[in-house]
Amino acid sequence: MSNELRIGVIGVHNRGSLADHAHRPNSGVRLVAGADPHQPFLGAFAEKYAPTLITTDYRKLLACEDIDAVFICSPD
């Protein structure tokens with residue numbers, strides 16, 4: 001078991017940027033996965049938080065057993 005809190009983000013653009021406030025690798029909190037139907041947004045997310053899981057299917061993110069919590073930041 002890891003001492004790190006690993007967080008996934010559904011909807012990485014716009015509201016998803018709020019998750020950046022939680023990303024504190026030196027404090028044991030890391031964004032490790034992003035899901036968004038728009039591939040360009042995922043590319044930017046992966047560059048910022050690499051290494052990370054990125055997917056266009058949020059269900060793949062939810063099925064990942066290495067994620068402890070999820071921010072749901074998709075549009076209304």
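This short talk walks through a sheet, a helix and some side-chain pairs.

First, the ground rules. The model is predicted: local features need pLDDT of at least 70, side-chain atom pairs count only at pLDDT 80 or more, and totals for chains, interfaces and linings use all residues. Residues are numbered from 1 along each chain as its sequence is written, and side-chain values use heavy atoms, with hydrogens and water left out.

Helices and strands here are DSSP runs, numbered from the N terminus (helices: H or I, at least four residues; strands: E, at least two).

Two strands pair if DSSP finds at least two bridges between them.

Now the pairings. Strand 1 and strand 2 run parallel, joined by 6 bridges. For G8, the bridge partner in strand 2 is A33. For V9, the partner in strand 2 is G34. On to the next pair. Strand 2 and strand 3 are also parallel, over 3 bridges. There, A35 has T55 of strand 3 as its bridge partner.

How buried is strand 2? Of its 7 residues, 6 are buried, so strand 2 is largely enclosed by the rest of the structure. Buried means under 20% relative accessible area, exposed means over 50%, and partly exposed is in between (1.4 Å probe, protein chains only).

Next, helix 1, residues 39–49. Its buried residues are L42, F45, A46 and Y49. As background, an α-helix has 3.6 residues a turn, so residues three or four places apart point the same way. Turn to the other face. Away from the buried side, helix 1 carries the exposed residues P40, E47 and K48.

What covers the buried residues? The cover includes strand 1 (5–10), strand 2 (29–35) and strand 3 (53–55). Contact means heavy atoms within 4.5 Å.

The structure holds 1 aromatic pair. The rings of F45 and Y49 have centres 4.8 Å apart and planes at 50 degrees, so the pair is tilted. The rule: rings of Phe, Tyr and Trp (its six-membered ring) pair if their centres lie within 6.5 Å; planes under 30 degrees apart count as stacked, over 60 as edge-to-face, the rest as tilted. F45 and Y49 are 4 residues apart in helix 1, about one turn of the helix. F45 is buried at 5% relative accessibility. Y49 is buried at 8%.

Last topic: salt bridges. The definition is a side-chain nitrogen of Lys or Arg within 4 Å of a carboxyl oxygen of Asp or Glu. How many are there by this rule? The count is 5.

One is R30 with E4, the closest N and O atoms being 2.9 Å apart. This pair links distant parts of the chain: R30 is in strand 2, E4 in the segment before strand 1, 26 residues apart. R30 is partly exposed at 28%. E4 is partly exposed too, at 22%.

Another is D76 with R15, at 3.1 Å, N to O. D76 sits in the segment after strand 4 and R15 in the loop between strand 1 and strand 2, 61 residues apart. D76 is exposed at 89%, while R15 is partly exposed at 38%.

Then D20 with K48, at 3.6 Å, N to O. D20 lies in the loop between strand 1 and strand 2 and K48 in helix 1, so the pair ties together parts 28 residues apart in sequence. D20 is partly exposed at 27%. K48 is exposed, at 55%, and belongs to the helix 1 face turned away from the buried side.
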